[in-house]
Amino acid sequence: MGAIDDLKQAIITGNRDQAKECTKRALDEGMTAKEVVVQGIAPAMEVVGEKFHANEFFVPELLIAQRAMKEALKVMSGAEVDHIGTVVIGTVKGDLHDIGKNLVAAMLEGAGFNVVDLGVDVSPDQFVQAAKENQAAIVAMSALLTTTMSSMRDTVQALDTAGMRDQVRVLIGGAPVTQSYCDEIKGDGYAPDAASAVEKAKTLLS
Ligand code: B1M
């Protein structure tokens, strides 16, 4: 198998050392960082997402794959990656759940987005400020509690008030979030899982 197939396998199985070694090998063989992301890292994380969907993988496998993916991305941190666009992501105000948000962030990064992760408990004003500072194309919000979902609506309104609603797309997700909630708060996209979030983000920018 070539370096890129080995890399995919290393990420899927969560082998960090192998992921690092294969990424170096792929770059040495002349691949660009973008090619490594598009042909190796992103498809590997898609497989991981599909396996999670099919109940073949559970949260530990997702996290291990994510760690291997991060090793691969670290190798390329010096290389030029042609980013698709900037995504400002965070878990909304009052909410401390970040496992799903981290997966979405990692997969977006793996797919070639420049990701600015604001962490957890992020207020509408913090989202607006970060979107402005980073000239974000997408504001991505995660919520795991029914009691914190309303902060997504507040953030959409805050972007509107700041006069930025036409410049950024709003992507939302998290266990209690639905497409109808997204429609209700006038978001631009909803994704039920990390793999779909990448697809949705690409669609929002196309
Ligand atoms: Co909490 N918790 N929790 N919790 N917790 C839930 C969410 C809950 C459903 C458990 C339950 O009661 N059955 C419940 C919420 C009920 C509700 O509101 N409907 C709950 C509660 C009540 C609470 C506390 C209030 C408990 C308490 O203190 N009384 C408290 C709240 C703290 C706070 O946030 N202020 C609390 C605390 C915690 C821990 C800190 C202990 C811990 C979080 C640790 C951490 O995240 N670092 C925790 C955990 C682990 C859970 C459960 C067990 C697992 C969540 C998780 O990580 N899932 C959860 C029950 C459950 O879901 N089975 C529960 C795995 C993760 C990969 O999935 O986050 O859904 P998920 O992300 C998915 C998709 O949703 C989607 O993609 C991801 C990957 O496919 N997705 C997006 C997520 N964000 C997205 C964004 C997108 C697109 C897709 O676009 C931007």
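A polar contact is a pair of N or O atoms within 3.5 Å; within protein, one must be able to donate a hydrogen and the other to accept it, and residues adjacent in sequence count only if both atoms are side-chain atoms. Keep that in mind as we visit the ligand. The model is predicted, so local features need pLDDT of at least 70 and side-chain atom pairs count only at pLDDT 80 or more, while totals for chains, interfaces and linings use all residues. Residues are numbered from 1 along each chain as its sequence is written, and side-chain values use heavy atoms, with hydrogens and water left out.

Let's start with the contacts. A polar backbone atom of threonine 146 sits 3.0 Å from an oxygen atom of the ligand. For leucine 96, a polar backbone atom is 2.6 Å from a ligand oxygen atom. Histidine 97 uses a polar side-chain atom, which lies 2.7 Å from a nitrogen atom of the ligand.

Now look at the shell around the ligand. Helix H5 (99-110), strand S3 (138-142), strand S4 (169-173) and helix H9 (194-205) each give two or more residues to this shell; helices (H or I, at least four residues) and strands (E, at least two) are DSSP runs, numbered from the N terminus. H5 provides the largest share, four residues.

Finally, find valine 59 in helix H4 (residues 59-75).
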